[in-house]
Amino acid sequence: MKTSEAMVVIGAGQCGARAVQVLRDEGWDGAIVLIGEEAHAPYERPPLSKAVLLGERSPAQCAVHGESFYPEHEVDFRRACGVASIDRAARTVTLTNGEALAYHRLLIATGATPRRLSLPGHALAGVHVLRNAEDALAIAAELEPGRRIAVIGAGFIGLEVAASAMQRGCSVAVLEAAPRALMRAVPAEVAQRLVDLHRERGVEIHFDIRINRLEGEDRIRAVVLEDGTRVPCDALIVGVGVTPRVELAQQAGLELAEGGIAVDATLRTSDPHIYAAGDVCAFEHPLYGRRIRLECWRNAEDQARTAALNMLGGEEMHRAVPWFWSDQFDRTIQIAGLPAFGTTTARRETGSASTIFFALDDAGVLVGASGVGPNSEIAREVRIAQELIARRARIAPERLADRTIKLKSLLSEEVQ
Ligand SMILES: Cc1cc2nc3c(=O)[nH]c(=O)nc-3n(C[C@H](O)[C@H](O)[C@H](O)COP(=O)(O)OP(=O)(O)OC[C@H]3O[C@@H](n4cnc5c(N)ncnc54)[C@H](O)[C@@H]3O)c2cc1C
């Protein structure tokens, strides 16, 4: 007999789309409702700054599931429909159209929204952020050969947009407030490797930049710095980070932490009937012994699974070692673990143009690894590093750096 209760998922993004699949595959035979405010079926965001800007793929070609997936799996997919509020006592959500839906378990997978500038001129035409399909199409339309594109922020989104714009024949200037690129994500040496790559390909990158205003009549014409320098541009892309979409959780009185929705290692919120996963959640990571929030594809995928299994009554801890990649020009960077938690770096050349940087904490435990180079030269090594991180391996930096010692052989060694 089918249960009449519903699993409700808020947010039809990477995580929501995968969660409904796992709920059905793992045997939930009651109703499943997926609610998303975007007009599209869930799609992958990583290609938006790469293949979509390069004109190689359309957002429709990035769908997580084919359109037939939802009816075939009896997922009641409500698109172009927001959730306005959660009533925890009644265990219902109210949609923006006024309809109320009861839930057995609720998953909040509302992702994040790009931060915007509050500078004078921020609303001029030609000023963009990049999070969704419409943003990507609007930016792609700006990337005509010969146009001048300014990018604010040398984080992953900013650098990927810069690489795509350069490849489309634009001239590109990246303006960053910090003294270096990728400040929060990778050690300085890794960031420098990427900056060198961009400069070799013709991207201008400036650090320690203070912006005064954006200038133009109705359309952006220049970014004006505090020292008076004008950086002329035909379009500007702002990539200065994201804010997790916690409004619903906050309004419902759920606990928040690290800017996201606080969940335990099973991804359960402070309400036992409600889970949160993906970019929006700050979860207790058993490996690091603290709460972290991640903004990456693999995490959204993996957490969808953990959350769905636990909504079905499981008690799975989310232990996956974080893994992230970014493609810029013909290079890939892959990051396993959390290099920012490291205090010592060991560097291993893995090919003619590829390097892995290992990050060890004060106790000598491997906490992160970042590989830069062609995908074929780093992917395998980063995968092994991920396994070593999961085991909290302590390996002398000299051994990690020594190319004659196979990384794989370190896996089988006794971990102190
Ligand atoms: C341009 C770009 C490039 C990226 N490249 C990479 C990459 O190379 N590698 C990598 O690892 N990661 C990358 N990422 C990050 C990755 O895409 C995200 O981590 C992932 O999409 C997070 O999934 P999510 O489901 O948590 O959130 P999202 O995919 O953002 O989905 C959340 C959804 O919830 C909806 N929503 C929010 N509030 C409500 C509401 N109240 N009611 C209904 N719906 C709501 C939103 O509209 C959205 O559709 C990239 C992201 C972007 C934007």
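Student: Which element gives the largest share of the lining of the second largest pocket?
Tutor: A pocket here is an open set of points on a 1 Å grid over the protein atoms alone, where a 1.4 Å probe fits and protein lies on both sides within 12 Å along at least five of seven lines; lining residues have an atom within 4 Å of a point. Elements giving two or more residues to this lining are α4 and β23 (323–328). The largest share is four residues, and those come from α4.

Student: Before we go on, what pLDDT do local features need here?
Tutor: Residues are numbered from 1 along each chain as its sequence is written, and side-chain values use heavy atoms, leaving out hydrogens and water. This is a predicted model, where totals for chains, interfaces and linings use all residues, side-chain atom pairs count only at pLDDT 80 or more, and local features need pLDDT of at least 70.

Student: What volume does the second largest pocket have?
Tutor: Grid points are joined across faces, edges and corners, and the volume is the space filled by probe spheres set on them. Of the 15 residues lining this pocket, the closest to its centre are Pro46, Pro47, Lys50, Ala51 and Asp327. Its volume comes to about 180 Å³.

Student: How far does α4 reach from its first C-alpha to its last?
Tutor: Helices are DSSP runs of H or I with at least four residues, strands are E runs of at least two, and both are numbered from the N terminus. The expected span of a helix is 1.5 Å times one less than its number of residues. For the 12 residues of α4 that gives 16 Å, and the reach is close to that, at 16 Å.

Student: How many of the residues of α4 are buried?
Tutor: Buried means under 20% relative accessible area, exposed means over 50%, and partly exposed is in between (1.4 Å probe, protein chains only). Phe156, Leu159, Val161 and Met166 are among the buried ones. Overall α4 is mostly covered, and of its 12 residues the buried ones number 10.

Student: Which residues have the most contacts inside the largest nonpolar core?
Tutor: A nonpolar core is a set of buried Ala, Val, Leu, Ile, Met, Phe, Trp, Tyr and Cys residues joined through side-chain atoms within 4.5 Å. The largest one has 128 residues, and those with the most contacts inside it are Ile86 and Val93.

Student: Which element gives the most to this core?
Tutor: In soluble globular proteins, nonpolar side chains tend to be buried together. Here the biggest contribution to the core is seven residues, and the element giving them is α4.

Student: Is Pro59 buried or exposed?
Tutor: Pro59 is found in the loop between β2 (31–35) and α2 (69–72). Setting aside neighbours within four places in sequence, Pro59 is in contact with Tyr43, Val52, Ala133 and Leu137. Because its relative accessible area is 11%, Pro59 is buried.

Student: Which residue takes a positive phi just after α7?
Tutor: Helix α7 covers residues 297–311. Of its 15 residues, 11 are buried, and these pack against β1 (6–10), α1 (14–25), β7 (105–108), β20 (274–276) and β21 (281–285). Just after α7, a positive phi of about 110° is taken by Gly313.

Notes. Contact means heavy atoms within 4.5 Å.
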